[in-house]
Amino acid sequence: MAPRLDLDNTQGLLARAYRGLTYARFTVFAISGPAAGHAVLSWLLPQVTTAAQFTADSALHVAFTAAGLRRLGLPDGVIAGFSAEFGEGMAGPDRSRFLGDVEGSSPRFWDWGAPQEPPVDGLVLLYAATPEILGRRQAELVGRLAAAGSLGALMRSLQGEHRA
């Protein structure tokens with residue numbers, strides 16, 4: 001018998017598109033240290049939309065970089081279990097050439113994640129049915145990140161309408 005995917009323990013973005021949630025905002029953030037990271041996680045984890053049955057007017061997902069996992073206190077031995085590409089990041093010169101991120105698309109021109117910028121530790125992806133719902137969810141997110149000391153100069157948001 002094939003193993004069944006635990007839908008309650010899988011982020012919903014892996015299982016579905018959000019056709020009715022046509023507004024989105026993506027927020028990158030830095031973690032000032034393990035305590036701030038754990039404060040952010042304690043609020044974020046219950047907010048994450050799972051792959052289980054979905055009927056809400058918004059969805060939230062979170063992703064961490066290898067640097068972010070280290071800043072959370074995850075041991076290097078655990079991070080070494082991820083792919084080399086994840087551990088090394090996307091901005092290295094060899095990776096950039098391989099991905100075609102050269103000339104005008106070079107990492108030095110990126111809005112975030114560029115080698116000369118502060119490291120990105122995490123990304124929160126918010127999707128909503130209306131701009132008002134998106135604004136409320138984003139305001140709550142920014143408040144929580146600020147309270148945990150995880151905003152700093154790095155926190156940036158990208159927003160717009162997306163089509164699933």
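Select Arg71 and Asp121 in this predicted model: the two residues form a salt bridge, and their closest N and O atoms lie 2.7 Å apart. The pair links distant parts of the chain, since Arg71 belongs to helix H2 (residues 66-71), whereas Asp121 sits in the loop between helix H5 (93-99) and strand S3, 50 residues apart. Colour the two partners by accessibility. Arg71 is partly exposed, at 29% relative accessibility, while Asp121 is buried, at 0%.

How many salt bridges does the structure hold? There are 2. To see the other pair, select Arg70 and Asp76, whose side chains meet with 3.1 Å from N to O. Here Arg70 is partly exposed, with a relative accessible area of 38%, and Asp76 is exposed, with 52%. Side chains of opposite charge can pair when their charged atoms come close.

Next, select residues 34-47, which make up helix H1. This helix has 14 residues and reaches 20 Å from its first C-alpha to its last, close to the 20 Å expected at 1.5 Å a residue. Now centre the view on Leu41: a kink of about 25° in H1 is centred there.

Which residues of H1 are buried? Show the side chains of Ala36, Gly37, Val40, Leu41, Trp43 and Leu44 to find them. An α-helix has 3.6 residues a turn, so residues three or four places apart point the same way.

Finally, display what covers the buried residues of H1, including strand S2 (58-64), strand S3 (122-128) and helix H6 (131-147).

Note on methods: Residues are numbered from 1 along each chain as its sequence is written. This is a predicted model: local features need pLDDT of at least 70, side-chain atom pairs count only at pLDDT 80 or more; totals for chains, interfaces and linings use all residues. Side-chain values use heavy atoms; hydrogens and water are left out. Helices (H or I, at least four residues) and strands (E, at least two) are DSSP runs, numbered from the N terminus. The expected span of a helix is 1.5 Å times one less than its number of residues. The bend at a residue is the angle between axes fitted to the seven residues ending there and the seven starting there. Buried means under 20% relative accessible area, exposed over 50%, partly exposed in between (1.4 Å probe, protein chains only). Contact means heavy atoms within 4.5 Å. A salt bridge is a side-chain nitrogen of Lys or Arg within 4 Å of a carboxyl oxygen of Asp or Glu.
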